[in-house]
Amino acid sequence: MKKKSVVLFVLLVFLFCLPVFAEEGKTASVKELFPQVGSEYLDLLFEGYSLSSSTIDGGVISHLAPFGSVAYKKAAEAEAEENSFSMIGTAFYAYPEKWQEMNYEEKRLAIVNILTAISTQKGIEYISRTAGNKPKTLFSESYLVSEPENKKSKIEDPVYTEVPGSISLFSYQKDNRFGGNFYSLDYTINGNEVFLRINNITAMKFMGVTCVKPEGLYLYMDVILCGEGLLVCSMATVYDQKPTVSLVFYTVDLESSFTRRLNALKDWFFASVENT
């Protein structure tokens, strides 16, 4: 089957499954969201493991996205893309005691306010391979701006009292690998699904060398309310770039860098849930 045919088939299946996610007040079980995988995968999720994969060397990633979700659609599209590579990670977090007392709308509102609290990402850590697989600070600066590419237009994190249908924001983040960059953040809230798309506005450089062109990185975080807890499916796609960038004395492993970033953002989200 040709790639375009595969994408069309997946999109048709996605549209068929969409009502499960769009219906207000309805939460599916984790098992219902993963009919395409065996029980061993579900057991790993419930045990606290993150499931990950990449499209490098023809790898498949869509099986690790909740069936019918926006993340599933994006993963299927990524598998059919050429001259790009993608990484995915899926994890489950059981509702903490306070969240068990929340109603459906309160949980959705809490997710939105966590995901838009960009300043709380300052100081989060990731496991650095170059530091001997030890924790290092990912973002030394992280805040929202009212104007893209203007660091002086810093604004406070929004606090919502009602769940919006969509949100568009801009952020500035300085990380220890690619320096300071501006990003656009677009949120879509539909039923039990809160979907975040992050896109780099500026070129991401290492030691002055462009590793990712402007708008070349699409990072997604899809949070889904389910019966047992929260499913988080994180994904990154880099366009028009090979997975590694060779410098004179060093090779930048973009797959590893963004996989670790996805893990750090997932951990940040779960820690925020616990502290809400």
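Visitor: How many helices and strands are there in the chain?
Guide: The model is a predicted one. Its secondary structure is made up of both kinds of element, and the chain has seven helices and 15 strands.

Visitor: What radius of gyration does the chain have, and what would a compact globule have?
Guide: The C-alpha trace spans about 50 × 50 × 35 Å along its principal axes. For 276 residues, a compact globule would come out near 19 Å. The chain agrees with that, because its own radius of gyration is 18 Å.

Visitor: What percentage of the residues of the chain count as buried?
Guide: A residue counts as buried when its relative accessible area is under 20%. Applied to the 276 residues of the chain, that gives 49%.

Visitor: What share of the contacts with a separation of 6 or more comes from residues 24 or more positions apart?
Guide: Contact here means heavy atoms within 4.5 Å. Among contacts in the chain with a separation of 6 or more, the share from residues 24 or more positions apart is 64%.

Visitor: Which element gives the most to the lining of the largest cavity?
Guide: The structure holds two cavities of 30 Å³ or more, and the largest has a volume of about 150 Å³. Of its 13 lining residues, the closest to the centre are Tyr 126, Arg 177, Ser 256, Ser 257 and Arg 260. The one that gives the most, with four residues, is helix 7.

Visitor: How do the lining residues of the largest cavity divide into nonpolar, polar and charged?
Guide: The lining of the largest cavity is made up of 13 residues. They divide into three nonpolar, five polar and five charged.

Visitor: Which residues line the second largest cavity, and how many of them are charged?
Guide: This cavity has a volume of about 120 Å³. Its lining consists of Ile 118, Gln 121, Phe 139, Ser 171, Gln 173, Tyr 183, Leu 185, Ile 198, Leu 217, Leu 219, Arg 261 and Leu 265. Strand 7 (166-175), strand 8 (179-190), strand 12 (217-225) and helix 7 each give two or more of these residues. By class, the lining has eight nonpolar residues, three polar and, as charged, one.

Visitor: Is Cys 233 buried or exposed?
Guide: Cys 233 has its place in strand 13 (residues 229-239). Beyond its neighbours within four places in sequence, Cys 233 is in contact with residues including Leu 64, Ile 88, Tyr 220 and Met 221. Its relative accessible area is 2%, and the cut-off is under 20%, so Cys 233 is buried.

Visitor: Where is Met 207, and is this residue buried or exposed?
Guide: Met 207 lies in the loop between strand 10 (204-206) and strand 11 (209-212). Its phi is near 55°, a positive value in a residue other than glycine. With a relative accessible area of 68%, against a cut-off of over 50%, Met 207 is exposed.

Visitor: What is the phi of Glu 215?
Guide: Glu 215 is found in the loop between strand 11 and strand 12. Glu 215 is exposed, with a relative accessible area of 52%. Its phi is positive, in a residue other than glycine, and the value is near 65°.

Definitions and conventions: Residues are numbered from 1 along each chain as its sequence is written. This is a predicted model: local features need pLDDT of at least 70, side-chain atom pairs count only at pLDDT 80 or more; totals for chains, interfaces and linings use all residues. Side-chain values use heavy atoms; hydrogens and water are left out. On a 1 Å grid over the protein atoms alone, a cavity is a set of points where a 1.4 Å probe fits but cannot get out, and a pocket is an open set with protein on both sides within 12 Å along at least five of seven lines; lining residues have an atom within 4 Å of a point. Grid points are joined across faces, edges and corners, and a volume is the space filled by probe spheres set on the points. Ala, Val, Leu, Ile, Met, Phe, Trp, Tyr, Cys and Pro count as nonpolar, Asp, Glu, Lys and Arg as charged, and the others, Gly among them, as polar. Buried means under 20% relative accessible area, exposed over 50%, partly exposed in between (1.4 Å probe, protein chains only). The radius of gyration is taken over C-alpha atoms; the globule rule is 2.2 Å times the number of residues to the power 0.38.
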